Structures are given as C-alpha cells and as structure tokens.
Amino acid sequence: MKTALITGTTSGIGKATAERFAKEGINLILCGRRQERLDELQQAFQSQVKVHTLNFDVRDKEKVVQAIAGLPDDFKRIDILINNAGNAHGLDPIQTGNTDDWDAMLDINVKGLLYVSKAIIPQMTDRKEGHIINIGSTAGKEVYPNGNVYCASKHAVDAINQGMRIDLNKHNIKVGAVNPGMVHTEFSEVRFKGDTERADKVYQGFDVLKPEDIADIIYFVVSRPYHVNIADLVVMSTAQASSTIINKN
Ligand code: NDP
Ligand code: 8X3
C-alpha cells in the first residue's frame, strides 16, 4: 500500500483528494493548521486506510522539518507528495497592494512548498522512487488584473515544478503539476478575508469546478504506471476560457 502526504487537507482540493485517496486504498498523512478538522478527517478515513495527522504552518521551516522527521515508523515512507497548501490574500492593484498579503502569498505558496519538498525529497532520491505533484494554477500560466502577486507565486510554482523535474530526473522521481482554473472551495473566502458574500459572487452564474473534479484528476495522475509522468496539466470549467473570459449566465 502506498502512503501520500497531502498539505492543506482541511478544506477544498486537499480534502477532496484525501477522500479520494482513502477510497482508493492509499494511506494518508493529512496536514493543515486546523486540528479539529484534521481529527474529523482521521475519524472518517481510518476504517479505510492508515491515517496520521500533522499540524504545522508550511511557513515555519523548523516545524516542517520536525513534523516530517518525527513521523511514526508506519508513515516514514512517503510515496506521494501533494504540494497543495496555498491561498490568495487580497485582489488589489499593485500600487495599493498590502505588503502583509504579499508576504503571506510568497511565504505559503512558494517558500512553504519548498520547505515541505526539501524535507521529503531525500528519502525519494535514496529509494530512487517517488511522485511529487505540485498544485499550480491557471494563475501560474496567465496574469490577470489585480492578481499580480498571487499570479507571481503560482508562476514560481510553475518554474519550481519544471526545476524539480529536471533536477530529480536522474533520481527516477516523477514530478508534475496540476493547474486548475476556478474551483469552488474556501479559496475566495480566504482571499476576501472572510467576506463570504463577495467570495460567493466569484462562482455565481456558471458551472464552476468542484474540488472533487480536481481530486479525480490527481488520482488519475498518481495511478498511471511508473514510466508515465503527467508533467503539466491545465484544467478549467467548460464555462471558463481564461482567467478573465468566463461564460456567465
Ligand atoms: P482552500 O482555502 O479551500 O484550502 C487551502 C488549504 O491550504 C487548507 O487546507 C489550509 O489549511 C491549507 N493552508 C493554507 N495556508 C496554510 C499554511 N500557512 N500552512 C499550512 N497549511 C495551509 O483552497 P483550495 O483548496 O482552493 O486551494 C488549494 C490549492 O489549490 C492552493 O495551492 C490554491 O492556490 C490552488 N488553486 C485553487 C484554485 C481555486 O480556484 N480554488 C484554482 C487553482 C489553484 P489550514 O487553514 O487548516 O492550515
Ligand atoms: C485560483 C484560480 O483564477 O482565482 O488559482 O486565480 S484564480
């Protein structure tokens, strides 16, 4: 049985992916900062697979290292890493952007992803086997108005995904990105700092992607034979043609 460590499993895409993996018999290391949600998920999945929870902020380099180094024996071998934790903070033009928001997006989406990867990659290179999936975004392919720093963070994920694949190639490690367009999760609620009315409007009037749609694709990616690596995948709702062109009713 394989073991996957998924960051950001307390909500949205990470949670749906954990649910799907549990159904498919993949043991789980669930990560996030909201312990009560991690506990609920552990309760829900532990009749299907082995589950361990890790509570750390991906920004905290020491905690990341400690959490992964301290995994119990049954969970020490990580076959699949899903770098999913991430978010947007604000949607402001560059000239009035909030520098704390910028720090949060770069620290979580870019540096956090690197810290978690650095803590796990050595065991994969030692074994000459492992699979890393980086959750990017259409925002990592295309910049949209007021998306400036969030888009920069996801362009960085795109570059890191390519860099990881190149550097880990000789170690036989699979590396790929899944880049979704809009998915209805807590993403916009976080971006708009709890303004649920504004967040809901983002997804009104069109058939937006659901977290389960992305979980399906992530499971497809991890279930290919070892010699097949999905390197870079972009997925949008049928109603969405680009970050700004959406066929709303
Ligand atoms: P959600 O807000 O629903 O989930 C985000 C997850 O990330 C939560 O489980 C949260 O857990 C975790 N997280 C956030 N900050 C931290 C942190 N500092 N340390 C540890 N964990 C953290 O959003 P989504 O599911 O939509 O987002 C998941 C990924 O998908 C992100 O990388 C996002 O950029 C990307 N994405 C989302 C799209 C969308 O439209 N929704 C489209 C394209 C990409 P907790 O708060 O418990 O720590
Ligand atoms: C999240 C999708 O379009 O809100 O990455 O940036 S979008």
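Me: Which residue in β5 stands opposite I80?

Reply: Start with the rule. Two strands pair if DSSP finds at least two bridges between them. Strands (E, at least two residues) and helices (H or I, at least four) are DSSP runs, numbered from the N terminus. In this case, I80 faces H131 in β5. I82 has I133 as its bridge partner in β5. β4 and β5 (residues 131-135) run parallel, joined by 4 bridges.

Me: What should I know about the model and its numbering?

Reply: The model is predicted: local features need pLDDT of at least 70, side-chain atom pairs count only at pLDDT 80 or more, and totals for chains, interfaces and linings use all residues. Residues are numbered from 1 along each chain as its sequence is written, while chains are lettered from A and ligands numbered from 1 in the order in which they are written.

Me: How do I read the hand of a crossover?

Reply: Point the strands away from you. The crossover is right-handed if the path from the first strand over the helix to the second runs clockwise. A further right-handed unit is made by β4, helix α4 (residues 99-127) and β5.

Me: Is β5 buried or exposed?

Reply: Count neighbours. A residue is buried if 20 or more other C-beta atoms (placed from the backbone) lie within 10 Å of its own, exposed if 12 or fewer, and partly exposed in between. In β5, 5 of the 5 residues are buried, so the strand is largely enclosed by the rest of the structure. H131, I133 and I135 point one way, I132 and N134 the other. Both faces of β4 are covered too: I80 and I82 on one side, L81 and N83 on the other.

Me: How do I find the buried face of a helix?

Reply: Residues three or four places apart in an α-helix point the same way, because there are 3.6 residues a turn. Look at α8 (residues 211-222). P211, I214, A215, I217, I218, V221 and V222 are buried there.

Me: Which residues have a positive phi without being glycine?

Reply: Most residues other than glycine have a negative phi. N172 has a positive phi of about 70 degrees. It sits in the loop between α5 (148-168) and β6 (174-180). N172 is partly exposed, with 13 other C-beta atoms within 10 Å. K193 also has a positive phi, about 55 degrees. The loop between α6 and α7 (196-202) holds K193. K193 is exposed, with 11 C-beta neighbours inside 10 Å.

Me: Which residues surround ligand 2?

Reply: A residue is near a molecule if its C-beta atom, placed from the backbone, lies within 6 Å of it. Around ligand 2 these are S137, T138, A139, G147, M182, F187 and S243.

Me: What about ligand 1?

Reply: It has 28 residues around it, and G8, G12, G32, R33 and G86 come nearest. Helix α1 gives the most to this shell, with 3 residues. α1 (12-23) and α6 (187-191) each supply at least two.
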